[in-house]
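Dear colleague,

Please read them with the coordinates open beside you.

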Amino acid sequence: WHHSQSAPIFNPDGTADLEFTVSTWREMVKWVLSWGDRVTVLAPEAFRRAVVEQLQQTLSAYQVSPNE
C-alpha cells in the first residue's frame, strides 16, 4: 500500500503486523479508520492517540441529546 511498507508479519492468531515510515499521519489515520474494528494501532503512542481523537470527534457528531 505504501512505498515504505515492510513485508507484513503474519501471526499464528491470524493477525498481521505492518510497519510504515510516513511524514504525516493524516492519510494514515483515514486509512486505519477505513478498516473499522478490524485494525488496532499498537505504536507509536502519538499515532494511536491521533486515531482515538478522530474516533471521538466522529462519535461526537452523532451524539443525540436526551430531548431528541
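A search of the whole structure, which is a predicted model, finds two aromatic pairs. In one of them, the ring centres of Trp25 and Phe47 lie 5.4 Å apart with their planes at 50°, so this pair is tilted. Because Trp25 sits in the loop between strand S2 (16–17) and helix H1 (26–34), while Phe47 belongs to helix H2 (residues 45–60), the pair ties together parts that are 22 residues apart in sequence. As for accessibility, Trp25 counts as partly exposed, at 33% relative accessibility, whereas Phe47 is buried, with a relative accessible area of 8%.

The rings of Trp31 and Trp35 also pair, with centres 6.1 Å apart and planes at 80°; since angles over 60 degrees count as edge-to-face, this pair is edge-to-face. Trp35 is partly exposed, its relative accessible area being 39%, while Trp31 is among the buried residues of H1.

Turning to that helix, the buried residues of H1 are Met28, Val29, Trp31 and Val32. Seen down the helix axis, these residues fall within an arc of 165°, so they line one face of H1. What covers the buried residues of H1 includes H2, the helix that also holds Phe47. On the other side of H1, the residues Arg26, Lys30 and Ser34 are exposed. Just after H1, Gly36 takes a positive phi of about 60°.

Conventions. Residues are numbered from 1 along each chain as its sequence is written. This is a predicted model: local features need pLDDT of at least 70, side-chain atom pairs count only at pLDDT 80 or more; totals for chains, interfaces and linings use all residues. Side-chain values use heavy atoms; hydrogens and water are left out. Rings of Phe, Tyr and Trp (its six-membered ring) pair if their centres lie within 6.5 Å; planes under 30 degrees apart count as stacked, over 60 as edge-to-face and the rest as tilted. Helices (H or I, at least four residues) and strands (E, at least two) are DSSP runs, numbered from the N terminus. Buried means under 20% relative accessible area, exposed over 50%, partly exposed in between (1.4 Å probe, protein chains only). The arc is that of the directions from the helix axis to the C-beta atoms. Contact means heavy atoms within 4.5 Å.
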